[in-house]
Structure formats: C-alpha cells, structure tokens
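My entries follow in the order I made them.

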Amino acid sequence: MRWNAQAIATEDADALPGLAKLNNLVRTVQTPEFAGVTFHEVLAKSALNKVHSQSSVPFGWTINPYRGCSHACVYCFARPTHTYLDLNAGADFDNQVVVKVNVAEVLRTELAKPSWGRHPVALGTNTDPYQRAEGKYKLMPGIIEALAASGTPLSMLTKGTLLRRDLGLLAAAAETIPVDLAMSIAIYDPELQQSIEPGTPSATARLATVTAAREAGLPCSVFLMPILPHLTDTREHLDNALRMCAEAGATSVLYTALHLRPGVKGWFMHWLQRNHPHLVASYTEMYAESSYAPKEYRRWLSERMGPLMRTHGLTRGEEDPVTGGIRSAALGMYTGGDGERRRRPAGSDPSKMAWSAGATGAKSVAAPAPSGPRFEPSPEEPPPTLF
C-alpha cells in the first residue's frame, strides 16, 4: 500500500495537540504494515544536536532521525522526550513516532558550514535509528553518506538488525572516518525479552548482526544494559549472555544496572506489577531515593561480572562520556594542520592539538580557526534539540 495514499492534512481535526503546535508537520500516516503505529512526518529545522555535559568533555553531538520508538522497551530512558509534544511517555512513545523526512538534506547543509569542526556524531543515543520504520523511510543511508563525505566520525548504537542493510556503506565510510558500532542486547531470555522489549528483534538475530558487522571489518560492541535486578542478574543468565557475545565476535561488552529516571519509573513499575508483582516491593525500595540502583548493588554486580568477563575473554567497553553511546575512536585523535586525523600521543596536551575529543575546539598555529561562528543548533529549538 502506497503511504502517500494514507496522508491526512496538517489541520485535520484529529491532529495531536502537541504536534499541531509545530509548523513543520507535513502529514500523519497510518498503514497496515505497522498496525497500531502512527507516523508523523515533519520537516526538520536542524539535524545536529549539541549535547552539553559537566564532564571533561563538555559537549557532544547527536542525530535523531526519529522521535519515539516502536521497539517499545519498557525501561527506555528517552520516554520523557515525548512529553514536549503533549504525548505521554508510555504508550504514545511506542505508537506515535515522529519522522524527520528531510534529515539527510538538512544534515548535508549543516556539515558544509565552514564552522563545522568535524566532531564525532553519535546516533541511537535517544531513539533507535534502525527501528522498523527505517525500512520504509530509508533515512540512514543519506545520513551515513553525508557524515562520511564531510569527514565526520560517527558512532552507532542500535537494537535494529536492519543495520545489516547498511554494513557495506558503513565499511566504505570506515575507510575515511572512524566508525564505531554497538548492538544493544540486554535480555537473553526469549520470554522476558518479548515481554519487556516487544518490538525488538530477538537476541539471536541481534547477535547475528554483531557477527555480520565483524565480518564486514567493523568493530561492534554489545551493550548488555540495562541489567535488571532479580530478573537478568543471575550468574546463569549473565554467563550465557557473555558466552553468546563472545561467540558472536563482540569487540567489547558494556554493562550497567537498570536506571529509572522520572517519567520512566512509573511506566516500568506498571509493567512490573502486571508481570512480576512479587518484585514490586524490592524495586520500590531500591529506587526510592535515586534513579540509579544502590551503590551496594552496583558493586555486587561488578564483582559478579568481572570474573565472567575474564572467563569469556571479553573486555569492558567505554561509553561516550556525554552522549551515552559507544565511545568514538575519534575521541582519542586530533586533526593536524594538513587536515588529517592522527592518534593523540600519550601524555600530550589536548589544548595544544588542533582538535581533541570534540570538546574545546582549540586550534594550534598550524591549524587556523575556521572563519565565522561555530555551528550551533537553531536557538528556536527547546532543549533537548530534536527538530
């Protein structure tokens, strides 16, 4: 069925109030191919989002071609971003997906600005760029090509096996820029996975995608997160998970305990009450005072994971200090006066490098600062900048 036959006007009486506030809504689409999911196509004003941080790397850059996610992971930390459009962080996040149909074109324009510093750009740190809708909209090839053509490093975190479609494109990009991939695979119990991540591919399918990426010559880590207290933290589950990651060829494994921020906690606890009511009291106590699991639990988890990681010959990967995705290899590199990236020498002063960690933008004498102001997202955009 052709999607353009499903379009309804922006001023339709059924338009969602929050979306109606936007002057860039093109159409709202429903199709039998995605039963229960509504897509709201918008014209993006910007593609690059600047993410600020208090860490030693004070900002990072991301691209989010979609807002909302049909993977429907109950624990997803990005759920509260939907409330800006008067959508709820629960079912609406799963079923009302905003699509930036022109994101690749806007990105090319932004990357062509003389002020763009070719900082590493992360994808998949908010909502998944390879969720099912990508099979129809095909936004990622244009994004990858634009980043590669501009010499901008990219990192990708996804649960979508559709990543395999673009492995050739990513391998070609990796010949000229740093490309870092990670597959998020938290649940290795099929029944639990379908309950808490009902829209995701199976763990087996995702592990096969890790193998395909490695066979294409690309690094690919596994995000074994979140680890769910009393559900996926048993020695048996973790040992099996790490064995499967190692067999798939994972470059490294990153793990952490469940994090329940405001706006996510209520939705998760509702799921827990329905499916595992005997755990409600324990979770209520664990997350009573903080979004993070208690320090004692995190310490216990680390002590359990350490020996298992060593048994399976796995190293612990690194998160990007700002975006939360896989750390870009470019964060350890700099750009010389000839425009070529090189590994930063150990013990060197980043402030004296032409470019380091995408953080300060400091320039050496051999690398004059670009003319004009550095690129910033449109000031019209509310934080976080997603359109």
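Are Arg206 and Glu197 buried or exposed? I found that Arg206 is buried, and Glu197 is buried too. Buried here means under 20% relative accessible area, exposed means over 50%, and partly exposed lies in between (1.4 Å probe, protein chains only).

Some ground rules for my notes. This is a predicted model, in which local features need pLDDT of at least 70 and side-chain atom pairs count only at pLDDT 80 or more, while totals for chains, interfaces and linings use all residues. I number residues from 1 along each chain as its sequence is written, and side-chain values use heavy atoms, with hydrogens and water left out.

**Overview**

I counted twelve helices and 13 strands in the protein. Both are DSSP runs numbered from the N terminus: helices are H or I with at least four residues, strands are E with at least two. Of the 387 residues, 56% are buried. I then checked contacts (heavy atoms within 4.5 Å). Among those between residues at least 6 apart in sequence, 72% join residues at least 24 apart.

**Salt bridges**

I found nine salt bridges in the structure. The criterion is a side-chain nitrogen of Lys or Arg within 4 Å of a carboxyl oxygen of Asp or Glu.

Arg206 and Glu197 form one, at 3.0 Å from N to O.

Glu134 pairs with Arg165, with the closest N and O atoms 2.7 Å apart. This pair links distant parts of the chain, 31 residues apart: Glu134 is in helix α4 (residues 134–137), and Arg165 is in the loop between β8 (154–158) and α6 (167–173). Glu134 has a relative accessible area of 0%, so I log Glu134 as buried. Arg165 is at 34%, so Arg165 is partly exposed. I also noted a network of salt bridges that links Glu134, Arg165 and Asp166.

Glu247 bridges to Arg243, the closest N and O atoms being 3.2 Å apart. Both lie in helix α9, four residues apart, about one turn of the helix. Glu247 is exposed because its relative accessibility is 58%. Arg243 is partly exposed because its value is 33%.

Asp92 sits in helix α2 (residues 91–95). Leaving aside residues up to four places away in sequence, Asp92 touches His82 and Leu87.

**Helix packing**

I fitted axes as lines to C-alpha atoms, for helices over the stretch in contact, with angles from 0 to 180 degrees between N-to-C directions. Angles under 35 degrees count as roughly parallel, over 145 as roughly antiparallel, 65 to 115 as roughly perpendicular and the rest as oblique.

The axes of α8 and α9 come within 8 Å and cross at roughly 30°. α8 is therefore roughly parallel to α9. At this contact, Leu207, Val210, Thr211 and Arg214 in α8 meet Met244, Cys245 and Ala248 in α9.

Next I took α9 (residues 235–248) with α12 (residues 295–311): their axes come within 10 Å and cross at roughly 40°. The two helices are therefore oblique to each other. Arg235, Leu238, Asp239 and Leu242 in α9 meet Leu301, Arg304, Met305, Leu308 and Met309 in α12.
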